Structure formats: C-alpha cells, structure tokens
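Visitor: I would like a close look at one part of this model and at what surrounds it. Please give the cut-off behind each term as you reach it.

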Amino acid sequence: EGSRLGKVPKCLLSLQGVPLIKRHMIALSGAGMDEVVVVTGHYHADVEPAVESFPVTVVRNSAPEEGQQSSVRLGLEALTNTLDLVLIMLADQPLLTADDLTELISTFKKRPPETSIVYPEVYGQRGNPVIFSGELLAQLLAADKKIGCRKFIDDNPSLVHKLITDNDHFVLDIDTPEDVSAFEKRTGWKLIVPVLT
C-alpha cells in the first residue's frame, strides 16, 4: 500500500531513471531465474505496465489488505515448473543486483545437505531475498494460510543456512520519506517518488 511512503507504490520508486520493479526484473534475469511471478495488489494498474515487457507471470492479489503473506502464497501457487529453488524477493530494495542474487543462489547450492532455506545476514540483521528449496514448496503451500515465510523459518531453524555477509544491499529497503532522504545522503543517488495520475 505504501502508506508510510505517502500512499505510493514503493516498487515504482525510480533509481537512475529506472523503476525498482524493472531493476529487479533485470537482476532476476541476470541471475538466471527460469520463472518469475510478480504479485501486484494496491496500485496494480500502475505497476503491471512496468513489467509487461518482461517474460513474467503477473498475479493480482484481490485482498492485499490481508498482508504480505497472502501475496507470497499467491506467488508460490502460480509457479508452474518443478523447481530447484524458489527465491522470494521484495520490491523495495533499491541496490540489489544480479551479482547479489547470484551470490545468494551460489550459497544455496553449496549449503549443507540437511538445510533447505538460505537467507543473507548482515551484522546480525536478517536480510532478503530468501531462498527455499523446491522440495519445501509443497510444505509451504500446505501450511496454514496465515503462516508466512518468516514464521516458517523461525519454526524450522535446523533447515536454515545463512549467507553471512557485510553486503548491505540485502538489508537496505525503503519504507518512508526519511528512508528516501537517508538513501540519497548515503549513496549520492536520488530516488524519485512516482506521481500517480
């Protein structure tokens, strides 16, 4: 809903003239993801045109007020292939690149065999994206509809392998106008807030 940002979609913030959602599509493609599902909700009429030139499946959450876990579930349900891994990515992390995603995927591929979840941790702070093994997909979908990925991870610590890193791309996200200002002060790059018609 972007309520803390002034009722604008965070994924349409522009960095160097490119909306974050498009930057993420490019990063996912560069990291070799075979299938991408984009879940929209509030502002779907503004967001969906930004991804129509990419080979993605768009799923619209008709009840986005039910929270992020409802969107994640819709995205997982829309996946069609037998997958080695599922990467769940948020739309408000402006600095994530294909290299960052490739590093996370590489960590997943080299994880201890008894684990099936990988996420980045930066100086003790849990980051995003999160990767689940393809085998876990059925378990996630079988869980109570109100159980989100974070709760599933917290309930299954033995399945987790962390990418311990100092790369703050994994923890930097934008929620408020103050975050936009802090981002510019820190990086020298300006995030442009969209004006919706």
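What covers the buried residues of H4?

Guide: This is a predicted model, in which local features need pLDDT of at least 70 and side-chain atom pairs count only at pLDDT 80 or more, whereas totals for chains, interfaces and linings use all residues. Residues are numbered from 1 along each chain as its sequence is written, and side-chain values use heavy atoms, with hydrogens and water left out.

The cover over the buried residues of H4 includes helix H1 (20–30) and the strands E5 (85–88), E6 (117–122), E8 (130–133) and E9 (160–165).

H4 itself runs over residues 98–109, and at 1.5 Å a residue its 12 residues should span 16 Å, which agrees with the 16 Å between its end C-alpha atoms; the expected span is 1.5 Å times one less than the number of residues. Its buried residues are Asp 100, Leu 101, Leu 104, Ile 105, Thr 107 and Phe 108. They lie on the same side of H4, because the arc that they cover around the axis is only 155°, an arc being that of the directions from the helix axis to the C-beta atoms. Asp 99 and Lys 109 are exposed, on the face turned away from that buried side. Here buried means under 20% relative accessible area, exposed means over 50%, and partly exposed lies in between, with a 1.4 Å probe and protein chains only.

When its neighbours within four places in sequence are left aside, Thr 107 is in contact (heavy atoms within 4.5 Å) with Val 118, His 161 and Leu 163. Ile 131, with its own neighbours within four places in sequence likewise left aside, is in contact with residues including Leu 104, Ile 105 and Phe 108, as well as Leu 87, Ile 117 and Val 118.

Ile 131 also belongs to the largest nonpolar core, which has 25 residues, and together with Ile 21, Met 25 and Leu 87 it touches the most other members. The elements giving two or more residues to this core are H1, helix H2 (44–51), E5, H4 and E6. Another core, of 18 residues, lies apart from it, and Leu 79, Val 130, Phe 152 and Leu 159 are among its members. A nonpolar core is a set of buried Ala, Val, Leu, Ile, Met, Phe, Trp, Tyr and Cys residues joined through side-chain atoms within 4.5 Å.

Among the covering strands, E6 deserves a separate description. It is largely enclosed by the rest of the structure, since 6 of its 6 residues are buried; Ile 117, Tyr 119 and Glu 121 point one way from E6, while Val 118, Pro 120 and Val 122 point the other way. Strands count as paired if DSSP finds at least two bridges between them. E6 pairs with E9 in the parallel sense over 6 bridges, and within E9 it is Lys 162 that partners Tyr 119. With E8, the pairing of E6 is antiparallel over 2 bridges, and Phe 132 in E8 is the bridge partner of Ile 117. E6 is also joined by 2 antiparallel bridges to strand E7 (residues 125–126), where Arg 126 partners Glu 121. E6 and E7 form a hairpin with 2 residues between them, and Tyr 123 in the turn has a positive phi of about 50°.

Lys 162 and Glu 121 meet in a salt bridge, at 3.0 Å from N to O, so that, with Lys 162 in E9 and Glu 121 in E6, the pair ties together parts that are 41 residues apart in sequence. Lys 162 is partly exposed at 34% relative accessibility, whereas Glu 121 is buried at 16%. A salt bridge is taken as a side-chain nitrogen of Lys or Arg within 4 Å of a carboxyl oxygen of Asp or Glu, and a search of the whole structure finds 11 of them.

Conventions. Helices (H or I, at least four residues) and strands (E, at least two) are DSSP runs, numbered from the N terminus.
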